[in-house]
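Please open the structure in your viewer and keep the selection tool at hand. The stops below say what to select next and what is to be found there.

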Amino acid sequence: MSKSKKLNTFSPLLTKDPHPTLVVNARAEVLTTNASADALVNKAQLGSPGQLLPVNASALVTSSLEQGRAIENVESRFADTICLWCFIPDPENQQVLIRGRDATEDILTQEEALRSSRLYRLITENTTDLISRHAPDGRFIDATPASWRLLGYWPEELRGQSLETVFRGHHVSEQLALTRHRLQEDGYATMTLEILHKNGSRRWFEIASRAIRETYTGAVVEVISVSRDITARVESEEQTRLLADELAHTARLATLGELASSIAHEMNQPLASIVNFASASQRFLREASQQPDKLTKVDDGLQKIVHHANRASEVIKRLRAFLRKGEKRMGPVSLNAVISDVVRLCQWEADKNGVRLYENLGEDSPCITADPVLLEQVLINLIRNGIEANVEASTGQDNTKTSRIVVSACVNEQQETLIQVTDEGTGLSDEGIRQMFQPFYTSKPKGLGLGLSMSRSIIEGFGGFLDAIPADTGGLSLICRFPASNPRSSHKCHSGVTPDVR
């Protein structure tokens, strides 16, 4: 049979096939091509049609003819094109029809998916966080291998398990129910759980979850969660809190030592009064047989003894509360009462240094949520700083002139509750005001620089802020500012001082 007759065997396919097609002989020499193959050669700027084929085209042609079978999906790459070829043998004529298709988009998509799959597997198998999939009711669908370290369960053990079964602990069911509600409403939820590891140890988890919704109905079909073990962080924060409590207690002891003279003075007054009224009452009793009206004075004296004994008892109760060590006891605090107690504690020290303490308090006391003992500690520190500032300012001046400190409490127009302690010291520059609340910054020769830093931390713990501004007196106003969310009365701020002089 002539060569032309052999080629005619494939001629209908070659002319009508939209895919690139070539006919080769047993030595893989190109005998003919169709229009699609020629167009592809021109597009890729190749030298010959044979360059379209895989590099091992000769071996593939031989195998196809010898085995009498088609060889499919053989890849070749040229320019920016990827083709998949099928070698179809014609053993009778010792020819092979090689038919291809442009698979560039399909193969690149597959390769990208494979890369993504490998990356996902690399991340999920090596991440220290637990990534898990859940049914809408919380049952585990799948989890990453981190589940063994974090929970004590392998992923195979978790599948089908409910969250309540795995996340055992106090109030876990309530928190999970709340999280499911948030996922339904918002599609995203976070929670912090204290749970039991499978080995019985307690762990703290921070869990972020996102709902996957059905496109048309919006129903939650799956939940993806990322769980992180924050046990070390929680324990560190607990240690920090305990250390802060210990430091605050130590500071109260130090403050008490510095105020010892003032406390002794405050205790001495009611005790001396008790002794005086007791002596007078004894004298009136001895005279009562001759002068019955003296019994009235005895009764009056006993009432005064009870009054001063109660006053001494209140001083002791205040001291015991101030020295109390333990958890913060947050609750509503009447600022008028706290300020009055603090002023009494600082009164003797103020008198000794020629400083008058003024209370600018209204009839309706502002009220905040705080620990009264810690708040007293802050105010004592602010007042004593003001006393020291006044004494420093009066050095070398007329010491007969009495300086003053004003302590006020009010609610401003923004509904913020303010406690303000204003002195008549020399004040500070803007840089000094910025630095004064930094730990260990002090202008005192023997100071540690912790008082104002600790005071600011305590106020921030109540949801407020402590700052300082220059005062009209030339000194400083130290302001404890509490936001409008803190409950309070309607007592308003005013600039005029209507002081209660102590």
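Begin by selecting Asn73, which has its place in strand β3 (residues 71-78); helices (H or I, at least four residues) and strands (E, at least two) are DSSP runs, numbered from the N terminus. The model is a predicted one, in which local features need pLDDT of at least 70 and side-chain atom pairs count only at pLDDT 80 or more, while totals for chains, interfaces and linings use all residues. Residues are numbered from 1 along each chain as its sequence is written, and side-chain values use heavy atoms, with hydrogens and water left out.

With Asn73 still selected, look at the backbone: its phi is near 55°, a positive value in a residue other than glycine. Most residues other than glycine have a negative phi. Asn73 is exposed, with a relative accessible area of 55%, where exposed means over 50% relative accessible area, buried under 20%, and partly exposed in between (1.4 Å probe, protein chains only).

Next select Gln94, in the loop between β4 (81-90) and β5 (95-102). Gln94 is not a glycine, yet has a positive phi of about 55°, and its relative accessible area of 41% makes it partly exposed.

Now turn to the charged side chains, and display Glu75 and Arg77, whose side chains meet in a salt bridge with an N to O distance of 2.5 Å; the term stands for a side-chain nitrogen of Lys or Arg within 4 Å of a carboxyl oxygen of Asp or Glu. Glu75 counts as partly exposed at 36% relative accessibility, and Arg77 is partly exposed as well, at 47%.

Which parts of the chain does the pair of Asp129 and Arg228 link? Select both residues, which form a salt bridge with the closest N and O atoms 2.7 Å apart. This pair links distant parts of the chain, since Asp129 is in the loop between α5 and β6 (130-134) and Arg228 is in strand β10 (residues 220-229), 99 residues apart. Asp129 is buried, with a relative accessible area of 11%, whereas Arg228 is partly exposed at 44%.

A further pair to select is Asp137 and Arg139, joined side chain to side chain by a salt bridge of 2.9 Å, N to O. Asp137 is partly exposed at 42% relative accessibility, and Arg139 is partly exposed at 37%. A search of the whole structure finds 18 salt bridges.

Move on to helix α5 (residues 104-126), in which Ile123 lies, and show Leu119, Leu122 and Ile123 as a surface: they make a nonpolar patch of about 290 Å². Patches are made of residues with over 30% relative accessible area and no salt bridge, like charges being joined within 9 Å and nonpolar side chains (Val, Leu, Ile, Met, Phe, Trp, Tyr) within 5 Å; the areas come from the Shrake-Rupley method with a 1.4 Å probe, and for residues only the protein chains shown count as cover. Ile123 is partly exposed, with a relative accessible area of 44%.

End the tour with helix α13 (residues 335-352) and helix α14 (residues 372-394), whose axes come within 10 Å and cross at roughly 40°. That angle makes α13 oblique to α14.

Technical notes:
Axes fitted to C-alpha atoms, helices over the stretch in contact; angles between N-to-C directions. Parallel < 35°, antiparallel > 145°, perpendicular 65-115°, else oblique.
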